[in-house]
Amino acid sequence: MNRKLRMGMIGGGKDAFIGAVHRIAANMDGLIELSCGALSIRPEIAADSGKALFLPEDRIYLNYEEMLEKESQMPADERIDFVTIVTPNFAHFAPAMLALSKGFHVVIEKPMTFTLDEAKQLQKKVEETGLVLCLTHTYSGYPMVKQAKQMIKEGVLGKVRKVWVEYPQGWLSRLTEREGNAQAAWRTDPSKSGKSGCMGDIGTHAAHLAEYITGLKITKLAADLNIMVEGRPLDDDGNVLLKFDNGAAGALLASQVAAGEENALKIRIYGEKGGLEWAQQEPNTLLVKWLDQPAQIYRTGGGYLGNYAKHNTRVPGGHPEGYLEAFGNIYRNFALTVSAHIDGQKPSEEIQDFPRVDEGVRGMAFIDSVVKSGASNEKWTAFTV
């Protein structure tokens with residue numbers, strides 16, 4: 001490739017939190033340029049948002065259907081290469097399907113769709129088109145998460161036996177959705193968020209991280225879902241027991257009513273020989289614990305790290321790398337993969353290491369299984385995809 005990839009954005013207009021994050025991440029390596037957008041379902045906000053981002057007037061669209069139709073009719077050296085979808089959950093599926101039908105690669109926020117059936121349809125469409133779909137499970141982009149994954153894959157810990165993962169937040173400890181908080185309003189609305197609140201929003205991140213690092217698959221679970229704030233229609237807290245396909249046991253805790261917490265995602269994994277511990281609020285550190293020797297502290301930027309961590313490290317050791325850089329790593333790997341796709345080349349394994357459509361399907365299956373288990377008197381519910 002001798003040019004940047006051209007991106008179109010659906011959603012993410014003025015005052016939208018995650019849209020700005022996506023644009024920063026996409027711009028971080030100079031591989032992508034924002035070429036057009038349908039940035040809001042409200043025409044005036046879509047227009048104002050496009051102007052604020054200095055998009056050409058004829059490429060500021062008022063809806064995604066118009067954008068995808070007109071972009072698909074442009075010459076190959078002008079039209080976009082991919083779309084980024086940063087709308088609420090209920091508005092993921094239709095634009096993703098249309099984008100793939102028009103020949104565009106896709107980056108999409110998680111959870112991937114509104115229902116498991118939609119996720120399976122999207123998976124089939126990706127397989128039919130041969131296009132690339134990237135799911136932005138941000139935490140998989142951290143260098144020390146990559147290091148943990150590689151160490152487990154190489155058998156450093158022996159067989160994995162135990163997985164603890166927790167994601168406490170406190171921002172929904174009040175009915176902030178009735179206090180003008182737009183983010184809280186749609187995330188707690190079943191018609192926009194789906195059948196689960198807390199577990200759909202952050203529980204999916206925790207489940208994905210557990211499977212991503214260990215390389216294992218959840219086979220069954222037992223869930224306890226709670227609505228702690230009176231008047232809220234969806235769960236804001238939950239606890240889930242897990243069983244994995246190698247026989248390992250696990251526990252997943254997610255809460256958005258843990259007053260005082262910010263984004264305290266943390267995972268601990270134990271094998272026959274030792275354990276690993278990583279926390280999102282201290283992301284440059286990986287704690288490695290051994291059965292019969294002193295613990296070790298691995299740090300981002302260290303020359304002793306594996307090739308996956310090094311590939312996703314941007315600055316020398318001692319310079320903090322955080323959420324935006326992890327997000328940028330996902331976009332960079334996606335962009336390099338798409339560029340190779342266009343050039344008819346095969347990218348390296350390190351480059352291809354980002355969440356895909358299959359992980360999106362498992363995320364929706366996790367939500368379905370957790371909700372089913374939470375509503376049941378049965379201890380265990382099979383995790384079915």
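These notebook entries record what I looked up in this structure, which is a predicted model.

**Entry 1. Helix H4**

I began with helix H4, which spans residues 93-101. I asked which of its residues are buried. I found Phe93, Pro95, Ala96, Met97, Ala99 and Leu100 to be buried. I then looked up what these buried residues pack against, and the list holds strand E1 (5-10), helix H3 (64-72), strand E3 (82-85), strand E4 (105-108) and helix H5. Just after H4, I noted that Gly103 takes a positive phi of about 95°.

**Entry 2. H4 against H5**

I next took up the pair formed by H4 and H5. Their axes come within 10 Å and cross at roughly 10°. Angles under 35 degrees count as roughly parallel, so H4 is roughly parallel to H5. On the H4 side, I listed Phe93, Ala96, Met97, Leu100 and Ser101 as the residues making the contact. On the H5 side, I listed Glu118, Gln121, Leu122, Lys125, Val126 and Thr129. By class, this contact of H4 with H5 has six nonpolar, three polar and two charged residues.

**Entry 3. H5 against H12**

I stayed with helix H5, residues 116-129, and turned to its packing with helix H12, residues 357-374. The angle between them is about 170°, and their axes are 9 Å apart. Because angles over 145 degrees count as roughly antiparallel, H5 is roughly antiparallel to H12. From H5, I recorded Leu116, Ala119, Lys120, Leu122, Gln123 and Val126 at this contact. They meet Val357, Asp358, Val361, Met364, Ala365 and Asp368 in H12. The residues of the contact of H5 with H12 divide into eight nonpolar, one polar and three charged. I noted that Leu122 and Val126 of H5 are listed in the contact with H4 and also in the contact with H12.

**Entry 4. Backbone features in loops**

In general, most residues other than glycine have a negative phi, and most peptide bonds are trans. Where does a cis peptide bond occur? I found one joining Lys110 and Pro111, with omega about -10°. Pro111 is placed in the loop between E4 and H5.

Asp15 is not a glycine, yet has a positive phi of about 70°. Asp15 lies in the loop between E1 and helix H1 (17-27). With a relative accessible area of 83%, Asp15 is exposed.

Phe54, also not a glycine, has a positive phi of about 60°. I located Phe54 in the loop between helix H2 (43-52) and H3. Is Phe54 buried or exposed? At a relative accessible area of 74%, Phe54 is exposed.

I looked up Ser140 in the loop between strand E5 (133-135) and helix H6. Not counting residues up to four places away in sequence, Ser140 touches Val145, Lys146, His208, Tyr212, Ile330 and Pro355.

Ser193 is found in helix H8, residues 190-193. At 9% relative accessibility, Ser193 counts as buried. Apart from residues up to four places away in sequence, Ser193 touches Asn89, Phe114, Trp186, Arg187 and Leu234. Ser193 and Leu234 are 41 residues apart in sequence, and their C-alpha atoms are 9.2 Å apart in space.

Trp164 lies in strand E6, residues 160-168. Trp164 counts as partly exposed, at 35% relative accessibility. Leaving aside neighbours within four places in sequence, I found Trp164 in contact with Ala251, Lys266, Ile267, Arg268 and Tyr270. Trp164 and Lys266 are 102 residues apart in sequence but 8.2 Å apart in space, C-alpha to C-alpha.

**Entry 5. The second largest pocket**

Helix H6 (143-153) and helix H9 (198-214) each supply at least two residues of the lining. The largest share, five residues, comes from H6. The lining residues divide into six nonpolar, four polar and eight charged.

Note on methods
Residues numbered from 1 in each chain as written. Predicted model: local features only at pLDDT ≥ 70, side-chain atom pairs only at ≥ 80, totals over all residues. Heavy atoms only, no water. Helix = DSSP H or I, 4+ residues; strand = E, 2+ residues; numbered from the N terminus. Nonpolar A, V, L, I, M, F, W, Y, C, P; charged D, E, K, R; others polar. Axes fitted to C-alpha atoms, helices over the stretch in contact; angles between N-to-C directions. Parallel < 35°, antiparallel > 145°, perpendicular 65-115°, else oblique. Contact = heavy atoms within 4.5 Å. Buried < 20%, exposed > 50% of the residue type's maximum accessible area, 1.4 Å probe, protein only.
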